[in-house]
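The following report is intended for a reader who is new to this structure. Please examine the sequence and the model before reading on.

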Amino acid sequence: MSERTVVNEEEAYELLAHLVASAELCIREPYYYGTFRLIDAASKLMGFMLQNGGDGDRAWLESFKHEVDTKKEWMMWDREGYFEFLRSATGSVAGELKHRGDSSV
Amino acid sequence: MREADPVEPPVISPQQKADIVLDVIRTRRVVRRYTDEPVADEQIRRVLEAGRWATTGGNRRIHRFLVTRDPKTIRLIKLISPGMLGAPTAVILICLDHEAIEREQTQEGHSSGLVDVGTQAMNMMVAAHALGLGSCPVTSFSQSGMSTLLELPPTASPLLMVLLGHPAPHRRVMRHGAKTRLTIEDLTYWEHYGRKTPQ
């Protein structure tokens with residue numbers, strides 16, 4: 001497993017601001033907006049990882065980020081599809097984690 | 001040298017005027033992807049003018065607009081605004097002015113102040129679309145963060161941002177089987193709440 005840094009200080013502050021502001025918004029916004037803020041934060045994180053050239057599976061990251069960025073917007077006009085995507089998204093990440101675990105053995 | 005004849009504005013019928021206005025309203029969409037091209041100050045002024053002409057409860061005018069065009073400031077605003085998904089080149093922040101509220105003897109929390117923010121924003125977005133610009137309303141930002149970043153006085157409460165920019169090409173991807181948008185019939189009752197037809 002690589003110990004390479006894939007998020008620099010500036011980007012970490014960006015994520016920090018996003019997460020703290022999102023926590024504040026969760027007080028007054030519809031509950032499912034919180035899911036959107038989290039998946040959007042995941043997209044930002046993947047953007048940083050891709051930008052800083054981690055040793056992970058770049059093709060998987062690019063593909064998953066594209067899927068997240070496409071389907072997160074469904075929250076606004078196709079909530080059923082959006083929730084369906086959220087239910088499957090962790091499976092995608094788990095598959096990649098398993099793949100990484102297998103290849104580091 | 002003979003002066004050119006003054007150009008008469010084209011005369012259009014009420015029907016043509018209605019068609020133009022309704023077409024602008026109908027074809028406007030929220031735009032969340034923008035190019036880097038700055039929005040001209042003249043265009044921003046015309047958008048502000050549209051906001052100025054919006055109806056306000058009792059003509060009280062208890063709001064103020066703050067325009068930001070500086071890219072660095074806009075980037076900072078984006079950091080504390082999770083609802084700001086794109087990178088606009090101009091931002092109009094609509095604030096509630098508590099000094100004006102006091103002057104107009106409006107009670108704090110009166111809902112017309114919030115309604116007025118909506119009408120102003122809508123006028124601005126329709127005008128932006130008519131000018132060929134993209135726009136997006138955003139309320140999902142940290143109000144304390146916004147006040148700090150923009151050094152707002154304690155008498156100003158930031159309520160809504162209208163993002164402006166030149167639209168970047170983008171194709172919306174829809175899920176197969178996704179519900180289509182609501183129709184007038186879905187939204188409207190006639191004479192009695194629940195009656196679907198105007199008979």
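In chain B, what percentage of the contacts with a separation of 6 or more is accounted for by residues 24 or more positions apart? In this predicted model, such residues account for 81% of those contacts in chain B.

**Chain B**

The elements of chain B follow the order α-α-β-α-β-α-α-β-α-β-α from the N terminus on. The table lists overall values for this chain.

| Property of chain B | Value |
|---|---|
| Secondary structure | seven helices and four strands |
| Box filled by the C-alpha atoms, along the principal axes | roughly 70 × 50 × 45 Å |
| Buried share of the 199 residues | 28% |

Pro9(B) is found in the segment before helix 1 (14-27) of chain B. Pro9(B) counts as exposed because it has 6 C-beta neighbours inside 10 Å, and the cut-off for exposed is 12 or fewer. From Pro9(B) to Leu152(B), the C-alpha to C-alpha distance is 43 Å, and the two are 143 residues apart in sequence.

**The interface between the chains**

Contacts between the two chains involve 14 residues of chain A and 13 residues of chain B. On the side of chain A that touches chain B, at least two residues each are supplied by helix 1 (9-25) and helix 2 (31-51) of chain A. Helix 1 of chain A provides the largest share of this side, namely seven residues. Sorted by class, the side of chain A that touches chain B comprises six charged, four polar and four nonpolar residues.

Note on methods: Residues are numbered from 1 along each chain as its sequence is written. Chains are lettered from A and ligands numbered from 1 in the order in which they are written. This is a predicted model: local features need pLDDT of at least 70, side-chain atom pairs count only at pLDDT 80 or more; totals for chains, interfaces and linings use all residues. Two residues are in contact if their C-beta atoms, placed from the backbone, lie within 7 Å. Ala, Val, Leu, Ile, Met, Phe, Trp, Tyr, Cys and Pro count as nonpolar, Asp, Glu, Lys and Arg as charged, and the others, Gly among them, as polar. A residue is buried if 20 or more other C-beta atoms lie within 10 Å of its own, exposed if 12 or fewer, and partly exposed in between; C-beta atoms are placed from the backbone.
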